[in-house]
Structures are given as structure tokens and as C-alpha cells.
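This briefing covers a two-chain model, with the contact between the chains first among the topics to look for. Please view the structure before reading the points below.

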Protein chains: 2
Amino acid sequence: MITAMKEINASIITIGDELLIGQTIDTNSAFIATELNKIGIWVKRRVAIGDVKEEILDALQAESKDCQVIIITGGLGPTADDITKPTLAEYFKAKMIVDEGVLQNVKDIFTRFNRPFTERNAKQAEVPDACTVLPNKRGTAPGMWFEKEGVIYVSLPGVPHEMAGLIEDSVIPKLKEKLQLAVVIHRTLLTAGIGESFLADAIAPDFKTLPAHIKLAYLPAFGMVRLRLTVRSDNAAEAEQEVDRQFEQLTGLVKQWMVADKDIKIEEVIGSILKEKSKFMASAESCTGGYIAHLITSAPGASSSFKGSVVCYANEAKENILGVQHDTIVTHGAVSEETIREMISGVISVMNVDYAVATSGIMGPNGGTPEKPVGTVWIAVGDKDKTVAKKHFFRYDRKRNIELTAHTALNMLRLFILEAEGV
Amino acid sequence: MITAMKEINASIITIGDELLIGQTIDTNSAFIATELNKIGIWVKRRVAIGDVKEEILDALQAESKDCQVIIITGGLGPTADDITKPTLAEYFKAKMIVDEGVLQNVKDIFTRFNRPFTERNAKQAEVPDACTVLPNKRGTAPGMWFEKEGVIYVSLPGVPHEMAGLIEDSVIPKLKEKLQLAVVIHRTLLTAGIGESFLADAIAPDFKTLPAHIKLAYLPAFGMVRLRLTVRSDNAAEAEQEVDRQFEQLTGLVKQWMVADKDIKIEEVIGSILKEKSKFMASAESCTGGYIAHLITSAPGASSSFKGSVVCYANEAKENILGVQHDTIVTHGAVSEETIREMISGVISVMNVDYAVATSGIMGPNGGTPEKPVGTVWIAVGDKDKTVAKKHFFRYDRKRNIELTAHTALNMLRLFILEAEGV
């Protein structure tokens, strides 16, 4: 019998007007939540507030009522209005002191980048004397760890890679050391080609009522849906067994749409099949404008299966580089089955690859016609012997049309490769 | 004399476990904050909570204390645990009814996509009878508008393009109609090639203490910094005058780093210069893997100045398509001044363009050597007569190295074009 331990709740407080005026998207909170989740700490709430003393004090007070861990990011940069640190000092009844280690780190950074050390930067070395300093190897603003009445407070800089470094290097190890944490196991699978609600109907009979220590999350993105099972327990072996059993049942129910039985991206799935078979691919992109190549090359090691892409935005480039016939474009248009098929054979030849994917469409907001409205896209995949082409309609905005085209194209390519390789 | 009107404060409540487990990044809040800001509503706080009745009730209660507008997103999808709507009904002391207009919309959508209409989807037509329905043209879940004790509450679906459509079509017009709003004017400029703290030092003497109705925000992203001036007033003409005066002073102080005196992207700046001069560009991308092309083609109308990109990830592609000499790569390596210069002349010729940008580097985490560590990047820009090449070091993770390389390359290209065209 698995019994879930008492949950440790966390809250993430993000400080900074830039999040409230909307010009910065908060990626830090998602990162922090993921890392806390991995070690069994549940994020109960996230709050974003401005650089205002009263707001900060109110938030610290409110969040500490039902959370045992509070992570604060932002408000520490050299142009911040110097509000966060004095406010923390007030909250913890501490006084500001210069930390010699931090001061040395700031000076070292300025020497390394050969930049003048200013008064403004020296202020970065001041911390409330109630904190334990968490050294920041990637920047000038230090992390700060406080404890008060059974609650842990951690203040981190808002610069994403500095925050992430501190979370990994200091915060997670220290939390594990200080807290009695439950075992939390996640298991994720990736589906394509089916909407969230149809997927829910397909698995509902078996996954309608789960015990409290098991959670099933639907995570839709870019025309694909991730399913994530989470089991929480105080017994690692039992939790493993339980999650294995549930996950096996789940994969059985969604088999026909399943791209991977782990939390990876579709481009990584394609990359690993090709690498195993020592095969290579390339893309010929008109309407996706290099986005497919960007997705593929965002993963480390892409060079072991990807040779490149011809982003042939102009028709001239389709002709000159890929050898698409001028007549084909004149007679059928750039967005046509005939053109997309010639793009495939052209890119296979010029890139010297085994497999290729090609896109040509009208992404909007302009360029549509009555016969070919915005959202009309031809996608083709193929090898030296065979090309499969399909027309799609994506009726969203430009950004989303590009994303959906790229992901649909990658799924078509995956299915084509699986069949061709007999996997 | 400008006097700032009483501020109208808003809070954004985001509902959904997916934000708390960290697998979804909250882009909705930034969009909503931007749109509210434009009409003079200040977002005081943003709160993310789970699909839990008590949490939702607590948040509605807490946020209504000092905010006059509360925007709620998420918790309405077909797989949500049916918590948000009944909780709203409870909060507003309402009962659930079927809205015929919403039901018809849901049925129409299912007919259009030729999909079976399920019980689960019929539930989307139920709303608390205390609300005014905001029709959703882009999906099945309706928006809902409530008023209670002088506070406006708006509940919207979490799917980004549905939420955005409802904000633009219904929420903003209705808020303007219902509220006496102050005039808010923003003026933004974009800088490149200078860090946030140095920029702050450069403009501090003149912009240290601004009156309360004027704000200056620093918005750093990808090695560039945006500066945004905001003036709030109840007199449109006076506010215009004030913001003009302040903005002119600001642009004077940062002139040497200024890319644009409005809120546009650097790739759009390049696009508009080229379009005006009827010139074309292309890129040859090794380490950026198509990201430069993706940035450029994300803007509508890119085809009027961009012909395409050769993403030559494999050396073979550098040779076969761009005509880089095999000997050059063998002798100097792919990441070298010699190779990058040949990439420029190759892509100018094969794409038949006036200007080109090229990148070749080691983005990490693997592939570094003692002579060429991870983060070593050669960037070149040029035209038919001249090529400028420069070596850079970016010492971050793969994603950030790609972003910094792309933006640095675009700024080099912009400066090259400005000089060549004598602008």
C-alpha cells in the first residue's frame, strides 16, 4: 500500500515591473517549478509583483502562511531600483553588510570582461546579514538563503541562466539536505495527430478516477499532446512498481498516436532513429523559413543525422539551388504538389541525404487568394525512390501556422522513416 | 501641469496545474498585461494557481481587494477537471445554465472539422447565469464577463490564440466602454552592443529622478536592451508633448547604440532599409542552424527583402552548395575566418543577393577543443565587393549561444548595410 507523505508546498514570487507591463515572458517560473517538482516539492502558487516595497512585504507574508519554501527571483539587477534587498533586510530584521566573497566575484567579472568597475556594481556585494550567500558563478548578483519560523526563503537574480545555475548548483542540493522529501516519479509520453479531448475520451474509461497519489496531466503544444503520469510516495520501490504498471496501461491505450514513451521532442525522436541507422536527412523550407532546421539544430548532436536545409524563400532559390523547373512554378504555383515534389528530389540530391522534408505554403496574414487562402500548406516527405505529399490547412496566425506546419511535417517525416526502415 | 489620474489596477489569475508543474510557459499573462497597459490599466499582480476550488475562491477574494479588473485564464478546456466554472458560479452565487449561442458555436465547430460531438464537449456550453457570454470565434470555450461590488471579472480560455482573440474582440472594447481610463503613452527604443548597467550609467544623470507619472523601463533581451518611456495623464495633448520632450532627450543620450526609435525587432529594421533601397539579402548558417532565417521570416512581408538561407550544417553542404573550398576547411577548419569568408561569397552568388550574413561556430555542449572552445563563433557580413569577419566568444548554454550569435550577426549586418548604403 502506497501512502503519500505530507506535501511540501512552495511558492514562486517574481519581482519586476517588466513582467507586469508584459514585455518579458516569465520562463524562470516554469524552470523552477520543474526542478522543484523533480524532488517532490509541489508549487502551490506563483505570484508576480512590481518593484514596490509594500507589495514585496505583503507577498512574503501571504505566501509564508501555507508554503514551506519560497523562491524569489528578480529585483536584484544593477538597474533595479534597489528595493528588493533592503526590503528583505527589513522583513528578516537584518542589516545590510558588504560580503567580501561577493565583492571579489563582482570585481573578477569586471576584470575578466575588461570593463570599468562602477559604484553601481559595488552595491551588488551588499546583502542582509541574516542570509547565507549562494555564490553566483555566472553573474554579479548573489543568491541569498534565509530561514524564518520554519520557512525557507531563497532570493535569486532574474537573469535566466544565472537563476538556473544557482538552482542547480546550490538550491536543489540544499533543499534535499534540509527537508524530508517524498519520492516523486514522473513518466511522460508524447502523442501526435490527435486532439486533447479525443485523447481524453480514448483513455477515460481506465483513467477516470485515479488514487490521490497519482496524477495524469495533459500537456498540449504545437498540435501534439504530452501525457504525464506522476506518482508520489514515501517508498521508492513501491512507487516505481506503481508507475510502471500505470504507464504500461496508458501506453497501451494511446499506442496508435504515440511518438515516444519518454519526454523528448519529435525532432530528437527522428534524430535517434536516423543515427541508429546511420542515415541522414535535410529540409527544403519555403513557408517554414528555417524553423524546421532550427528545431532540429537546437538539440545537441544534431550533426550526426542532419546535413542542412535550403531555405528557399524566393522562387529563384527554389530553381537555382533545388533545380525546381521554372515551368512548374509558373504553371502550378510555388504552393503546389508539383513544386513540393521537385523540392524533395532537389534537396535529396544537393544535400546528398537519405530522407528529406519540404514545405511550401501561405502563412499569412497576407498572400492568400480565393483558391489558395492563408493557411494553405503543401508538405512532402520522401527518399530517393518515393515522395509522399499532402495538402493541409492551418487557420491561425502566422506564428502558429509556422509552428503547426513544422510539427506536422516532422511527424510525417517520422512516419515515413519508420515505414521505410521497417522499424 | 500634468496630473496623473487615479490608477485602475488589474490582476491576472492563471488557473491550471500545467503552469505549476512547469511544463507550460505562461505567455498569456504577458500578452494580457501588454494589452491592458496600452489602455492605461496597470497590472498590479499576477497569480498562478492549480485546479483547486479553495485556491480559486481565495485568489478571487484576495485579488478583488485592491484590483478593479480581474482577468482569469485557463481551467476551461475539455479535459479540465470541471472545477473553474462551478467555482465561479459559487463565487457569484449563480447557477449553471446551458447557453444556446455557445452550444450552437460548439456544434458548428465540430461539424466544420467533421468530428464527432461528445458529451464532454456539450458541457462547454454551460455557463453561470450571472455572466455575460463573450463569444469565442476560435474555439469551444466561451469568455465570461462578471461584475460584483464594483469589480469586473473576466474568465477566458487558456489556449493562447483563443484568449488573445477574446481580449482583442471583446474585453478591451468593453473595458474602454465601462471605465474612465487615463491616457497612457509608451515610447520605446532599441539598443544593441551595450549592457544594461552601462546604458544606465550613460543616461543616469538626466533620468535619475523622474516625476511619478513618468516611468523608464530597461528591457534586456538577447544581447540587446529596449528602453521604454511611459507617461500617464488625464490630458492627451499634454501627455504627447511631455513624452516627446523626454523621448527626444533619451534618444540623444543613447544615439550611438540605438538600432531603432520604435518598438520593432532588429530583423524588421534591416528588412525595411533593404525594402526601401530595393535590395535583397540571404544568410549562410552553420552554427545558427536556420535561426537567423527563422527570425527574419517570422515577420510578415519578409519576402520583399529576403531570398533565403543555406543552412550548411555539414561541411559537405558548405562545399557543394556554397562552393567553399575543400582545402580551406581541411586547412583552417569549418570555424575559421577563411571558411566564413568563402561562405559569404558563396551565398551571395548562389542566392543572387546584394548582402549576406554567415555564421560558423561551436554552440555546445560538445565539440569544443582547447584552441576553439565551446562558444567560439565566426560571424561575417558582406556584399559583392567587401566582407567583414569577426570572431566572438559566447560562453552560455547552447540555446543562448544560438540566440546571441543570431542577434550579434544581425546587428553586424545592419551596420554594414547602413555604411554601404550611406544611410
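A crossing of two helices is left-handed if the near helix is turned anticlockwise from the far one by less than a right angle, and right-handed if clockwise. This is a predicted model, in which local features need pLDDT of at least 70, side-chain atom pairs count only at pLDDT 80 or more, and totals for chains, interfaces and linings use all residues. Residues are numbered from 1 along each chain as its sequence is written, and chains are lettered from A and ligands numbered from 1 in the order in which they are written.

**Helix packing in chain B**

- α12(B) passes α14(B) in a left-handed crossing; helices (H or I, at least four residues) and strands (E, at least two) are DSSP runs, numbered from the N terminus.
- Helix α12 (residues 315-322) of chain B packs against helix α14 (residues 337-351) of chain B at an angle of about 50°, with the axes 9 Å apart.
- That makes α12(B) oblique to α14(B), since angles under 35 degrees count as roughly parallel, over 145 as roughly antiparallel, 65 to 115 as roughly perpendicular and the rest as oblique.
- Axes are lines fitted to C-alpha atoms, for helices over the stretch in contact, and angles run from 0 to 180 degrees between N-to-C directions.
- From α12(B), B:Lys318, B:Ile321 and B:Leu322 meet B:Met343, B:Gly346, B:Val347 and B:Val350 of α14(B); residues are in contact if their C-beta atoms, placed from the backbone, lie within 7 Å.
- The residues of this contact divide into five nonpolar, one polar and one charged. Ala, Val, Leu, Ile, Met, Phe, Trp, Tyr, Cys and Pro count as nonpolar, Asp, Glu, Lys and Arg as charged, and the others, Gly among them, as polar.

**Contact between the chains**

- Chain B gives 71 residues to the contact and chain A gives 69 residues.
- On the side of chain B that touches chain A, strand β14 (residues 306-312) of chain B gives the most, with seven residues.
- That side of chain B comprises 32 nonpolar, 23 polar and 16 charged residues.
- Strand β2 (residues 41-49) of chain A pairs with strand β2 (residues 41-49) of chain B in the antiparallel sense over five bridges; pairing requires at least two DSSP bridges between the strands.
- A:Arg46 stands opposite B:Ala48 in β2(B).

**Strands in chain B**

- β7(B) and strand β8 (residues 151-156) of chain B pair in the antiparallel sense over five bridges, with B:Trp145 opposite B:Val154 in β8(B).
- β7(B) and β8(B) form a hairpin with two residues between them, and B:Glu149 in the turn has a positive phi of about 45°.

Note on methods
Contact = placed C-beta atoms within 7 Å.
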